[in-house]
Amino acid sequence: MSLFFSADAFFTELGIREKVDISYVTPMPGAFTKPVATKMLSELPAENNIEVIRDFYIERVDNDAKKLISYDEKEIDFDVLTVVPVNMGDEMEVPPVDEFLDMITAGGGEVYACKMAADMFKLSMDDLCEHVKDIITVGDLYAMSGGEGTQIIFT
């Protein structure tokens, strides 16, 4: 969902958000995969004028006609399409988040939280796990990212 909220912020900053429709198309029954997240965050897309199209199983993309087509032949028009792959963490042996964060910090990496997301969800450092070093802005990230050996991972 961060992609959609970032797009919302980008178009708002440009002053054209009211001219841009943003839709989140998902095969899931809601925007979030976990019940706790669904309970806490289900209103966020609507509050940001992001349409959630649920239970849509994409069969194909017709780029010439600029349409998503489902297995039951429903169609959604688009101008720009961004596809996020289905989470296949278990099949790909991706470690759970806490274990992944342990691996990053044990290897000398640092973990930061995004200020925009923290503000949006009304989070402070007290709400975050022990691995998070600080809450930073995009500008802070850019300033920190210029040195030799810098590696940035977005997850």
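Q: Let's start with Asn49: is it buried or exposed?
A: Exposed, with a relative accessible area of 54%. Keep in mind that this is a predicted model.

Q: Where does Asn49 sit in the chain?
A: You'll find Asn49 in the loop between helix H3 (44-47) and strand E2 (50-53).

Q: Which other non-glycine has a positive phi of about 55°?
A: Lys122 is one of them. Lys122 belongs to the loop between H5 and strand E7 (132-136), and it is exposed at a relative accessible area of 72%.

Q: OK, let me step back. How many helices and strands are there in the chain?
A: Six helices and seven strands. Starting from the N terminus, the order reads α-β-α-α-β-β-β-β-α-β-α-β-α.

Q: And how much of the chain is buried?
A: Buried residues are 21% of the 155 in the chain. The accessible surface comes to about 11900 Å², and carbon and sulfur atoms hold 55% of that.

Q: What is Thr26 in contact with, beyond its sequence neighbours?
A: Leaving aside neighbours within four places in sequence, Thr26 is in contact with Val52, Ile53, Arg54, Asp55 and Phe56.

Q: Switching to charges. How many salt bridges does a search of the whole structure find?
A: Eight. Among them is Lys115 with Asp119, at 2.9 Å from N to O.

Q: How are Lys115 and Asp119 placed relative to each other in helix H5?
A: They are four residues apart in helix H5 (residues 115-120), so about one helical turn separates them. Lys115 is partly exposed at 34% relative accessibility, and Asp119 is partly exposed too, at 46%.

Q: Who does Glu75 pair with?
A: Glu75 makes a salt bridge with Lys67, and their closest N and O atoms are 3.6 Å apart. As for cover, Glu75 is partly exposed with 47% relative accessibility, and Lys67 is partly exposed with 21%.

Q: How far is Asp62 from Glu75, in sequence and in space?
A: They are 13 residues apart in sequence, and 9.8 Å apart from C-alpha to C-alpha. Asp62 itself is partly exposed, at 29% relative accessibility.

Q: What does Asp72 do?
A: Asp72 forms a salt bridge with Lys74, with 3.7 Å between the closest N and O atoms. Asp72 counts as exposed because its relative accessibility is 51% and exposed starts at over 50%.

Q: Which residues are linked in a network of salt bridges?
A: That would be Glu59, Arg60 and Glu73.

Q: Now the surface. Where does negative charge gather in a patch?
A: At Asp98, Glu99, Asp102 and Glu130. Of these, Glu99 lies in helix H4 (residues 97-106) and is partly exposed, with a relative accessible area of 41%.

Q: And which residues make the nonpolar surface patch?
A: Ile58, Val61 and Leu81 make that one, and the patch covers about 200 Å².

Q: Where's Leu81, and how accessible is it?
A: Leu81 is in the loop between strand E5 (75-77) and H4. Its relative accessible area is 31%, so Leu81 is partly exposed.

Terms used
Residues numbered from 1 in each chain as written. Predicted model: local features only at pLDDT ≥ 70, side-chain atom pairs only at ≥ 80, totals over all residues. Heavy atoms only, no water. Patch = residues over 30% accessible without salt bridge, like charges linked within 9 Å, V, L, I, M, F, W, Y side chains within 5 Å. Areas by Shrake-Rupley, 256 points an atom, 1.4 Å probe, with all protein chains shown as cover. Salt bridge = Lys/Arg side-chain N within 4 Å of Asp/Glu carboxyl O. Lys, Arg positive; Asp, Glu negative; His and termini not counted. Charge placed at Lys NZ, Arg CZ, Asp CG, Glu CD. Helix = DSSP H or I, 4+ residues; strand = E, 2+ residues; numbered from the N terminus. Buried < 20%, exposed > 50% of the residue type's maximum accessible area, 1.4 Å probe, protein only. Contact = heavy atoms within 4.5 Å.
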